[in-house]
Amino acid sequence: LPKENCLFIDGRLTADELQIFCFTGADEYYMHKYETDYLFSDYGVQELPCSFKQTGFLAQMIGSLMVNLLVNFCANQVNPARRMALPFRTSYRTDIMYLDLMR
């Protein structure tokens with residue numbers, strides 16, 4: 001497959017925050033940014049009590065947003081003239097109900 005036909009999605013979740021990273025295989029700028037700024041070993045993850053690792057509503061929200069990214073990617077493949085958004089980073093914080101998109 002050509003690189004532009006490949007999609008990378010990484011979803012991260014805690015009980016009160018979600019992050020999704022998304023880029024195509026041809027987007028070397030965001031691939032490098034992801035690897036240098038956001039990729040870390042499992043040892044860098046803060047240990048949380050089991051009951052604080054995720055909540056049902058946030059798990060459903062991250063799943064929905066990840067499917068939305070996949071649908072937008074597929075729509076762009078079918079109709080490149082109508083570009084659907086594929087933000088590099090999507091994050092949401094429940095304490096302030098803030099959705100942030102980094103394009």
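Phe88 is buried, its relative accessible area being 1%, where buried stands for under 20% relative accessible area, exposed for over 50% and partly exposed for the range in between (1.4 Å probe, protein chains only). The model is predicted, and local features need pLDDT of at least 70, side-chain atom pairs count only at pLDDT 80 or more, and totals for chains, interfaces and linings use all residues. Residues are numbered from 1 along each chain as its sequence is written, and side-chain values use heavy atoms, with hydrogens and water left out.

Aromatic pairs number 10, a pair being two rings of Phe, Tyr or Trp (its six-membered ring) with centres within 6.5 Å, called stacked with planes under 30 degrees apart, edge-to-face over 60 and tilted for the rest. Phe88 and Phe23 form a tilted pair, with 6.3 Å from centre to centre and 35 degrees between the planes. This pair links distant parts of the chain, since Phe23 belongs to strand 2 and Phe88 to the loop between helix 2 and strand 3, 65 residues apart. Helices (H or I, at least four residues) and strands (E, at least two) are DSSP runs numbered from the N terminus. Phe23 is also buried, at 7% relative accessible area. Ring pairs join Phe23 and Phe88 with Phe8, Phe21, Tyr29, Tyr30, Tyr34 and Tyr38 in a cluster.

Pro87 lies in the loop between helix 2 (56-78) and strand 3. Pro87 counts as buried, with 6% relative accessibility. Leaving aside residues up to four places away in sequence, Pro87 touches Cys22, Leu69, Leu101, Met102 and Arg103, contact meaning heavy atoms within 4.5 Å.

An open sheet is formed by four strands in the order 1-2-3-4, with antiparallel pairing; two strands pair if DSSP finds at least two bridges between them. Strand 1 (7-13) and strand 4 stand at the edges with a single partner strand each, so one side of each is left without a neighbour in the sheet. On average, neighbouring strands of this sheet are turned by 10 degrees against each other, direction ignored. Strand 2 (residues 17-24) and strand 3 run antiparallel and are joined by five bridges. Gln19 stands opposite Ser91 of strand 3. Helix 1 (residues 28-38) packs on the sheet and touches strand 1, strand 2, strand 3 and strand 4, its direction making about 145 degrees with that of strand 2. Axes are lines fitted to C-alpha atoms, for helices over the stretch in contact, and angles run from 0 to 180 degrees between N-to-C directions.

Salt bridges number four, each defined by a side-chain nitrogen of Lys or Arg within 4 Å of a carboxyl oxygen of Asp or Glu. One of them joins Arg89 to Asp100, with the closest N and O atoms 2.8 Å apart. Arg89 lies in strand 3 (residues 89-93) and Asp100 in strand 4 (residues 98-102), so this pair ties together parts that are 11 residues apart in sequence. Arg89 is buried at 13% relative accessibility, whereas Asp100 is partly exposed at 22%. Another salt bridge is formed by the side chains of Asp10 and Arg12 (3.0 Å, N to O). Asp10 is buried, with 15% relative accessible area, and Arg12 is buried at 19%. Arg93 and Asp95 also meet in a salt bridge through their side chains (2.7 Å, N to O). Arg93 is partly exposed, at 35% relative accessible area, and Asp95 is exposed, at 53%.
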